[in-house]
Amino acid sequence: MLNSNNRVTFLTAFIFLISAISVVNAQTLKGTVTDTKGTALENVGIFNQTSGQHSHTNFSGIFSLTSTSVNDSVYFSSLGYKTFILVVNNEHLNNGIRVSLKESSINLEQVVVVSKVDAMSKIVNVDVQKDPVKSSQEILRKVPGLLIGQHAGGGKAEQIFLRGFDIDHGTDVALSVDGMPVNMVSHAHGQGYADLHFVIPETIDNINFGKGPYYANKGDFNTAGYVDLNLKESIDQNMVSYESGQFNTNRFVGLFKVSESSKSNAYLASEVYLTDGPFDSPQNFNRINVLGRYNYKDIGKEELTLTASHFQSKWDASGQIPQRAVDQNLIGRFGAIDDTEGGQTSRTNIMLNHTRFIGENQFLKTRAFVSKYDFELFSNFTFFLEDPVNGDQIRQYEDRTIMGAETVFEQIDINIGAEDRFKYSAGIGFRNDNVDDVTLEHTLNRKTVLEQFAFGDVDETNMYGFVDGEYKTGNWTFNPSVRLDYFNFDYENKLSTVYDNKSESKAIVSPKLNTIFAVNKNWQLFLKTGLGFHSNDARVVTANQGRDILPRAYGVDFGTIIKPVDKMVLNATLWGLFLDQEFVYVGDAGIVEPSGKTKRMGIEVGARYQMLDWLYLYSDVNYTYARSTEEADGEDYIPLAPDFTAVGGLSFSDIGNFSGNINYRYLGDRAANEDNSIVAEGYFVTDLNLNYHIKNWTVGVIVENLFDTEWNETQFATESRLFNETASVEEIHFTPGTPFYLRGKVSVRF
């Protein structure tokens with residue numbers, strides 16, 4: 001018999017032994033994930049079905065998964081690859097593993113919904129792969145809840161609508177391509193102007209996005225959200241495509257391998273696009289894109305990508321037309337009051353992206369870019385309101401050079417105790433815009449300058465730094481971060497007879513905290529909070545002695561993403577976004593307009609369903625309540641803020657040799673002015689794409705506006721006067737949406 005002291009000693013030893021066994025059994029599983037060719041796969045989702053622990057591979061395909069024991073079932077999932085399930089044994093824990101994933105058709109079963117702040121991006125990329133982008137105007141529509149409108153026939157940047165914002169051309173959404181910013185600060189046409197037409201749709205690999213001001217590595221313009229397009233590092237085959245259709249439309253695209261080896265590859269891509277559009281006055285639109293891309297990857301050491309591209313475009317436009325001119329049969333829906341509108345623009349980019357492996361789970365990521373950009377636009381919004389003889393045509397022009405760089409240090413998989421993990425990143429960077437001859441002037445028929453309203457040079461610099469942490473404990477993930485931005489605005493007024501140069505500067509701190517609870521590998525709950533901002537035009541900043549340079553945005557999101565079954569994903573979010581007072585520079589008039597505080601609250605729901613192996617459905621519905629908070633009830637509407645939107649569609653593949661998709665977009669009626677006395681009409685438009693594949697050839701049909709709906713793509717409440725009117729009228733001015741538009745396409749891969 002054991003006495004009491006012996007029994008205590010024995011019990012203590014037993015507990016210690018059990019604890020020791022648990023520690024020994026619960027180890028860290030390490031390894032590398034590649035494709036069947038041996039190429040490292042980044043961002044592969046790894047989930048321990050037994051313990052609930054999860055991880056992701058880094059850019060070298062390397063991963064570590066804590067709290068792993070013998071006989072645990074570990075899932076390896078990535079879009080485009082068959083999910084692999086590993087039953088862990090002692091050899092795996094002692095020696096590590098190398099997993100090779102086999103390629104497979106894109107399927108929702110490959111999506112794991114665990115603690116990723118940008119989890120919806122991974123899910124929406126199923127949409128992108130099932131329904132590839134067919135035009136530059138479709139790029140942004142892939143983001144759930146984001147709609148666009150074009151009112152210059154494809155030459156000007158699109159008007160963007162997201163989360164109750166009429167973002168105009170980019171004031172409240174940060175756009176980038178492989179990390180290079182697209183938004184133009186202090187632009188001749190408007191703050192944040194973002195023209196994505198330099199991107200060839202066929203070169204897009206995936207779309208990364210986030211809504212709200214919750215991301216430390218995103219700064220200026222990231223209030224409603226951000227969108228980052230990632231281009232393909234390589235192409236599998238050469239491809240030539242030709243497209244032709246109504247309205248004298250022709251488009252040629254070519255993708256060509258230049259070189260390929262075990263560690264590097266290079267390709268060229270080009271696009272030529274010509275169309276007259278559906279308008280009575282031909283658009284004479286042409287766009288040329290050329291891109292070259294080189295990628296070098298030494299697994300476990302470094303990766304380097306060099307990209308060079310050039311884009312140029314020229315067009316004529318019919319502009320926005322007043323509803324009364326159509327009602328009085330002065331012009332048709334596709335007519336023009338001033339058909340001398342139009343413009344030209346170009347952008348040349350050089351980008352470098354480099355990632356260096358510098359130690360155990362440590363990386364140094366560097367990017368740098370230089371862009372040369374020019375822009376010239378002729379518009380006439382009010383016709384004969386200001387000048388009843390010559391008309392009100394204006395010219396906006398600028399010549400810009402942008403350069404910037406960013407370096408980010410990342411440390412991942414720091415073990416804290418047996419199960420908890422921590423990782424962080426810290427980065428610094430800058431961006432400089434040197435803009436010469438920013439011009440606003442009154443012109444006649446594009447030829448004669450009647451009056452100069454504004455003429456000057458802008459020099460704007462943004463320096464920034466951020467720290468972003470992520471702590472995982474059990475099913476919880478906490479993501480605290482903070483960002484510091486410093487801006488210097490410089491504007492020289494060249495219309496002044498004496499030297500007139502003004503400069504202002506401002507710093508801002510933007511803290512953020514995101515919290516995620518992973519119920520299991522197929523269900524997450526999240527709460528996102530954060531502060532963001534968008535900068536104001538340098539001409540506003542200097543004209544107002546530095547007041548309200550960087551108006552604040554305060555955001556909160558609460559939502560969930562769930563896979564109730566392997567082939568279905570559902571998401572829902574309640575959100576709010578509040579903006580401080582700002583001053584807005586109206587580039588079309590050369591004046592400063594103050595606007596007060598605003599609030600936006602909404603709900604977003606979405607569903608994706610792989611009904612059959614060959615049939616995929618998706619839909620997103622959004623409702624937003626948007627109001628100015630400093631105006632009286634009934635006079636507090638935010639002009640053109642969308643309140644109800646919906647997009648969706650279905651894609652099918654492998655029905656014999658056929659594949660295709662049909663999708664829709666809906667935008668509800670919305671207030672066009674502050675008291676809702678003028679209403680912008682909504683629309684419901686359906687598009688169709690059908691392809692037939694035979695060997696390495698594809699023949700396709702593209703139909704925009706399948707049911708020939710009469711709709712208005714962009715609308716504004718504008719005061720104008722026609723040449724035969726004695727008094728001005730404020731009413732809806734619109735650009736008609738594309739009617740039934742049929743194109744044929746043939747492509748070959750070799």
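Author: Glu-202, Glu-243, Arg-251, Glu-271, Arg-287, Glu-704 and Arg-743 are linked in a network of salt bridges. Keep in mind that this is a predicted model.

Reader: Nice. How many salt bridges are there by this rule?
Author: The count comes to 38. One of them joins the side chains of Arg-743 and Glu-243, at 2.5 Å from N to O. Arg-743 sits in strand β43 and Glu-243 in strand β15, so the pair ties together parts 500 residues apart in sequence.

Reader: And are Arg-743 and Glu-243 buried or exposed?
Author: Both are buried.

Reader: What about Glu-710, which residue does its side chain meet in a salt bridge?
Author: Arg-333, at 3.9 Å from N to O. Glu-710 is in the loop between β40 and β41, Arg-333 is in the loop between α4 and β21, and they are 377 residues apart. Glu-710 is exposed at 63% relative accessibility, whereas Arg-333 is buried at 17%.

Reader: Switching topic: where is Asn-248 found?
Author: In the loop between β15 and β16. Asn-248 has a positive phi of about 55 degrees although it is not a glycine. Most residues other than glycine have a negative phi. With a relative accessible area of 51%, Asn-248 is exposed, because the cut-off is over 50%.

Reader: And which loop holds Asn-445?
Author: The one between β24 and β25. Asn-445 also has a positive phi, about 55 degrees, and counts as partly exposed at 45% relative accessibility.

How values were computed. Residues numbered from 1 in each chain as written. Predicted model: local features only at pLDDT ≥ 70, side-chain atom pairs only at ≥ 80, totals over all residues. Heavy atoms only, no water. Helix = DSSP H or I, 4+ residues; strand = E, 2+ residues; numbered from the N terminus. Buried < 20%, exposed > 50% of the residue type's maximum accessible area, 1.4 Å probe, protein only. Salt bridge = Lys/Arg side-chain N within 4 Å of Asp/Glu carboxyl O.
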